Amino acid sequence: MEVFKAYRFRLEPTSEQAQMLDQWVKRIPRLKKRGKATDSIRFPDGKSMVNGGEHNTIKLPKLGETKFRRSRRIKGDIRNATVSRVAGRWYLIVHTIAEQ
């Protein structure tokens, strides 16, 4: 039986990476409901993402190796990731699949 899990971590992008994220978010115009405006970018290909193992880094396509605050170990294979901005801070949400 396969189990899907989602992990949320605080992302610590470098200044160059933060500028790239801002440019990507500004480039995508969307109609948003009032109060539901979130800036996010989805990386759907989990095969190209590499978890840094014991280090608090993850390699994202086009963004490169990025640090994040890891509060728990990521278990399973990474399926996709979403980088979102909430209240001026960047967060990383990692979706995984694992055997139980």
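**View 1. Confidence of the predicted model.** The protein has a mean pLDDT (the predictor's confidence in each residue, from 0 to 100) of 79, with 83% of its residues at 70 or more. Strand β7 (residues 89-99) has the highest confidence, a mean of 86, and strand β3 (residues 50-51) the lowest, at 69. Strands (E, at least two residues) and helices (H or I, at least four) are DSSP runs, numbered from the N terminus. Where pLDDT is low, the predicted coordinates should not be read in detail. This is a predicted model, in which local features need pLDDT of at least 70 and side-chain atom pairs count only at pLDDT 80 or more, while totals for chains, interfaces and linings use all residues. Residues are numbered from 1 along each chain as its sequence is written, and side-chain values use heavy atoms, without hydrogens and water.

**View 2. Surroundings of V83.** Beyond its neighbours within four places in sequence, V83 is in contact (heavy atoms within 4.5 Å) with L11, L21, D39, S40, I41, F43, L60, W90, Y91 and L92.

**View 3. Pairing of β5 with β1.** Strands pair if DSSP finds at least two bridges between them. β1 and β5 (residues 64-69) are antiparallel, joined over three bridges. F68 in β5 lies opposite L11.

**View 4. Hairpin of β4 and β5.** Four bridges join β4 and β5 in the antiparallel sense. G64 in β5 is the bridge partner of L60. Three residues lie between the strands of this hairpin, where K62 takes a positive phi near 70°.
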